[in-house]
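Thanks, everyone. Let's go through the core and the pockets of this one.

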Amino acid sequence: MSDTPMTPAEVEATARAAHSGQTDKAGRPYEEHLRAVAEGVRARGGDEDQIAAAWLHDAVEDDRLSLKWLEQAPLTRRTKDIVLAVTKRPAEPPEAYAARILATPGALLVKEADLAHNADPERLAVLDEPTRTRLAEKYARMRTLLGLVAGETP
């Protein structure tokens, strides 16, 4: 492993390649979500570690990159910690997931940007009503657990 962390362009290219061919619930290319989360982090004042984590935030959770890859990747420890914090684990209670995010410096901003894009009304509008309702409730509950209030940035 190199001692030099991946450049932002390398992180983005890695994330795009890892999610190649994957689509979101609305059938859109998954890389659009990754880009939106990274831009959301940037717009909220996030630093390079957080932007890198935004690009990679779903890679381990979606089995696109392994935990071993993440641990060995030329990324900062902080970027790795944020990715691990926002990676949901099987059967994990939402309260435990939220607590881990809150306990990891830099992770809340990444999750806030992720939730903002996931809950975007334009994205949800193309889904069927039961799915739209279920997801809206899920995202609202997570925002509450994280202490995020609509319109505020932590």
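Start with V11. Leaving aside residues up to four places away in sequence, V11 touches M6, A52, W55, L56 and L75. Contact here means heavy atoms within 4.5 Å. This is a predicted model, where local features need pLDDT of at least 70, side-chain atom pairs count only at pLDDT 80 or more, and totals for chains, interfaces and linings use all residues. Residues are numbered from 1 along each chain as its sequence is written, and side-chain values use heavy atoms, with hydrogens and water left out.

Now the core. The largest nonpolar core has 41 residues, and V11, W55, L56 and L75 are among those that touch the most other members. Such a core is a set of buried Ala, Val, Leu, Ile, Met, Phe, Trp, Tyr and Cys residues joined through side-chain atoms within 4.5 Å. Buried is under 20% relative accessible area, with a 1.4 Å probe and protein chains only.

Next, pockets. On a 1 Å grid over the protein atoms alone, a pocket is an open set of points where a 1.4 Å probe fits, with protein on both sides within 12 Å along at least five of seven lines; lining residues have an atom within 4 Å of a point. Of its 29 lining residues, K25, K88, N118, K138 and Y139 are the closest to the centre.

The second largest pocket is about 240 Å³. Which residues are closest to its centre? M6, T7, P8, E48 and A52, out of 17 in the lining.

Definitions and conventions:
Buried < 20%, exposed > 50% of the residue type's maximum accessible area, 1.4 Å probe, protein only. Points joined across faces, edges and corners; volume = space filled by probe spheres on them.
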